[in-house]
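Have the viewer open as you read.

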Amino acid sequence: MIATPTTKRYRNCREATLPRSISMGRKIIIVGAGPAGIALAYLLATRGIAVTLIEQEVQFDRVFRGEGLMPAGVQALIDMGLGDCLSQIPHRPLDAWDFVIDGQRRMRVVEPWPPNGSPPTHIIHQSALLAAIAERTQPLGNFQFYPGWQVQTLLRQANRIIGVTASHNGQTREFSGDLVIAADGRYSRLRQLAGLPLQPAETQFDVLWFKLPAPAEMLCETVFTVCLQRQRQFAFYPSWDERLQIGWIVEKGAGKRQRDRDWIAEFVPALPPKLAAHFDQHRSELVGPIFLDVIVGCAPLWSAPGLLLMGDAAHPMAPNRAQGINMAFRDAIAIANHLVPWCQQGGHTDTLTECLTAIQTERQPEITTVQQLQLEEWEKIALITASPLTYQPFKGLATALGRLGITQAAWLYQQRYLRYGSTPVLLKV
């Protein structure tokens, strides 16, 4: 069921820190109001640092935004003092993970939610969450928000980036600051303008996304379902809008060529009979496919003099296990841990390079680990479904062992870094 505003998990979250006069005239410019940019803007502004946030879109809604918050992402929100935002937006705590092979459920893993432990995975309305964080940040006098402004160039002085030029409705102006932070996503314009290359991962793929009305019984609990069949790999879950969000994996570059297929006919053979009938009955209500051009990689250098990359601008993530938003929030916490003391110590230019290097040194090991685990998941699925020689033994093992508690516990353990992160990330400022 969709959680109500009375959810007790978030009542005791730490309140936002009151602004303190520590900026000493320092100004941070953040480009991109996605999860990374808006979270960092909130953290810095609530600690008295002057922040200018620039976003090329005029609203937070997008054709597609990731909707999954793993336990690490939920905990990051709580640590930032934003946990109660979840009770203010449409969201669904996850109940279980189902694994369906050849139309039959072979394993169910109950989502852990210990009474005093880590929060469970949540399905969220990301646009509403970003709007809620922005609404909480905007009243602060040291925060300026410029939606609808598109960055054109970087401002440089003596081989150092000192700001950006941006335009809006034919108007162009300069935004100067002591540090520019690129949080403008996987296609980052700032990354390109700064000449910071992206090293792509060896394995690449694309995803086609669909929406379909969810059957009533699937709205009583929130289950993430993985469906496997020879030559078919897709997953779905009931979203915050009471529709199934469905993702279909395709080879890199193949997505646009497959848009006109009879997609209901593709889904039905891999589904349990009752669900297959529901898909067929609602075929006229299928929305999609929406093509997601997946980019996975990592910039060898996350910074240049006066500029820092964060989130997908520094390390675009694969969509599985919704790591983009989770790593973005953890990036924001780590960056705040370094930038707030830098401002407190005077914000000297000659110590900024060391500060930015320390951020990458701290964050890159987790990013490398998580990206490797994400891609290994896709590679395993591709291997399993590629041939009867691999698919049939896998199906037999899943049927025999999937009902065992030890097998389910082993799957959760194998997922631990994708669920909780591979290193502790604690807000210290």
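The second largest pocket holds about 490 Å³ of space. A pocket here is found on a 1 Å grid over the protein atoms alone, as an open set of points where a 1.4 Å probe fits, with protein on both sides within 12 Å along at least five of seven lines; lining residues have an atom within 4 Å of a point. Grid points are joined across faces, edges and corners, and the volume is the space filled by probe spheres set on the points. This is a predicted model, in which local features need pLDDT of at least 70 and side-chain atom pairs count only at pLDDT 80 or more, while totals for chains, interfaces and linings use all residues. Residues are numbered from 1 along each chain as its sequence is written, and side-chain values use heavy atoms, with hydrogens and water left out.

Back to the pocket: 22 residues line it, and Gln233, Ile249, Val250, Glu251 and Ala382 are the closest to its centre. Which elements each supply at least two residues of that lining? They are β16 (232-238), β17 (243-251) and α8 (349-386), and α8 gives the most, with 6 residues. Helices (H or I, at least four residues) and strands (E, at least two) are DSSP runs, numbered from the N terminus. By residue type, the lining splits into 9 nonpolar, 6 polar and 7 charged.

On to the sheets. Two strands count as paired if DSSP finds at least two bridges between them. Another open sheet has 3 strands in the order β3-β7-β4, with antiparallel pairing. There, β3 (68-69) and β4 (91-93) stand at the edges with a single partner strand each, so one side of each is left without a neighbour in the sheet.

| Strand pair | Sense | Bridges |
|---|---|---|
| β1 (residues 27-31) and β2 (residues 50-55) | parallel | 5 bridges |
| β4 and β7 (residues 122-124) | antiparallel | 3 bridges |
| β10 (residues 160-168) and β11 (residues 171-176) | antiparallel | 6 bridges |

For landmarks, Lys27 has Ala50 in β2 as its bridge partner, His91 stands opposite Ile124 in β7, and Gly163 stands opposite Ser176 in β11. β10 and β11 form a hairpin with 2 residues between them, and Asn169 in the turn has a positive phi of about 50°.

Most residues other than glycine have a negative phi, and most peptide bonds are trans. Ala158, a residue other than glycine, has a positive phi near 55°. Ala158 sits in the loop between β9 (150-157) and β10 and is exposed at 73% relative accessibility (exposed means over 50% relative accessible area, buried under 20%, partly exposed in between, with a 1.4 Å probe and protein chains only). Glu242 also has a positive phi, of about 65°, although it is not a glycine. Glu242 lies in the loop between β16 and β17 and is partly exposed at 42%. As for peptide bonds, the one from Gly288 to Pro289 is cis, with omega near 10°; Pro289 is in strand β18 (residues 287-292).

What about helix α7 (residues 323-344)? Gln323 is found in this helix and is buried, with a relative accessible area of 1%. The Gln323 side chain reaches the backbone oxygen of Leu418 at 2.7 Å.

How many disulfides are there? The count is 0, where a disulfide is a pair of cysteine sulfur atoms within 2.5 Å. For Cys220, the closest cysteine sulfur, in Cys227, is 19 Å away, too far for a bond. Cys298 is in no disulfide either, as the nearest cysteine sulfur, that of Cys355, is 18 Å away. Is each of the two buried or exposed? Cys220 is exposed, at 53% relative accessibility, whereas Cys298 is buried, at 12%.

Notes
Nonpolar A, V, L, I, M, F, W, Y, C, P; charged D, E, K, R; others polar. Polar contact = N/O pair within 3.5 Å; in protein donor to acceptor, adjacent residues only side chain to side chain.
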